[in-house]
Amino acid sequence: MRYTILLHYPEMTPEHLGEDALAEGQRAFAAYATALDQAGVLLSAEVLQPSSATTTVTVRDGELRVQDGPFADTKEQLGGTFVVDVPDLDAALAWAQKAPSVQWGTVEVRPSATHFENGTWTR
């Protein structure tokens with residue numbers, strides 16, 4: 001079963017974080033991604049640009065609205081995702097608790113309903 005592990009945490013600039021903390025975070029996430037990959041469960045992983053790079057697109061009353069920045073102003077932002085294929089929710093939760101950002105943010109685990117693969121939507 002496919003699950004997306006969504007990493008929410010406070011945004012900090014590299015300058016605010018500091019060189020050592022940034023390097024440690026990069027090492028921790030590299031080790032986490034490698035462990036998922038070596039276990040054969042990793043389908044994809046993404047680290048997102050800061051929310052300031054976001055562009056939000058909506059259509060209201062037939063009018064296209066394009067807005068710079070995130071849709072919601074929150075303390076935590078979506079920082080990245082890992083998509084895994086594991087037997088069940090318990091396995092997904094076991095991997096989620098190993099995400100480095102669980103120490104300073106929220107890790108959400110959400111099952112996939114469908115996904116697009118080889119030209120078709122698949123359950």
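User: In which strand does Thr 81 lie?

Analyst: The model considered here is predicted. From the N terminus on, its elements run β-α-α-β-β-β-β-α-β-β-β, and strand S5 covers residues 76–85. Thr 81 lies in strand S5.

User: Is Thr 81 buried or exposed?

Analyst: The limit for a buried residue is a relative accessible area under 20%. Thr 81 has a relative accessible area of 16%, so the residue is classed as buried.

User: Which residues is Thr 81 in contact with, leaving aside its neighbours within four places in sequence?

Analyst: Thr 81 belongs to strand S5. Ser 44, Ala 45 and Glu 46 are among its contacts, and strand S2 spans residues 42–47.

User: How many helices and strands does the protein have?

Analyst: The order of elements from the N terminus is β-α-α-β-β-β-β-α-β-β-β. Counted by type, the secondary structure comes to three helices and eight strands.

User: What geometry does the aromatic pair of Phe 29 and Trp 104 have?

Analyst: A pair of aromatic rings is described by the distance of the centres and the angle of the planes. For Phe 29 and Trp 104, the centres are 6.4 Å apart and the planes stand at 80 degrees. Planes over 60 degrees apart fall in one class, so the pair of Phe 29 and Trp 104 is edge-to-face.

User: How many residues apart are Phe 29 and Trp 104, and where do they lie?

Analyst: Phe 29 is in helix H2 (residues 19–38), while Trp 104 is in the loop between helix H3 (89–96) and strand S6 (106–111). The pair thus links distant parts of the chain, the two residues being 75 residues apart.

User: Which residues do ring pairs link into a cluster with Phe 29?

Analyst: A search of the whole structure finds four aromatic pairs. Phe 29 and Trp 104 form an edge-to-face pair. Ring pairs link Phe 29 into a cluster with Tyr 9 and Trp 104.

User: What is the centre-to-centre distance of the aromatic pair formed by Tyr 32 and Phe 82?

Analyst: Tyr 32 lies in helix H2 and Phe 82 in strand S5, so the pair ties together parts that are 50 residues apart in sequence. Tyr 32 is buried at 4% relative accessibility, and Phe 82 is buried at 6%. Their pair is edge-to-face, with 80 degrees between the planes and a centre-to-centre distance of 5.0 Å.

User: What separates the C-alpha atoms of Thr 58 and Phe 82?

Analyst: Thr 58 is found in strand S3 (residues 55–60) and is buried, with a relative accessible area of 19%. Phe 82 lies in strand S5. Thr 58 and Phe 82 are 24 residues apart along the chain, and their C-alpha atoms are separated by 26 Å.

User: Where is Asn 118 found?

Analyst: Asn 118 has a positive phi of about 55 degrees although it is not a glycine. Asn 118 is exposed, with a relative accessible area of 76%. Its place is the loop between strand S7 (115–117) and strand S8 (120–122).

Conventions:
Residues numbered from 1 in each chain as written. Predicted model: local features only at pLDDT ≥ 70, side-chain atom pairs only at ≥ 80, totals over all residues. Heavy atoms only, no water. Helix = DSSP H or I, 4+ residues; strand = E, 2+ residues; numbered from the N terminus. Phe/Tyr/Trp six-rings, centres within 6.5 Å; stacked < 30°, edge-to-face > 60°. Buried < 20%, exposed > 50% of the residue type's maximum accessible area, 1.4 Å probe, protein only. Contact = heavy atoms within 4.5 Å.
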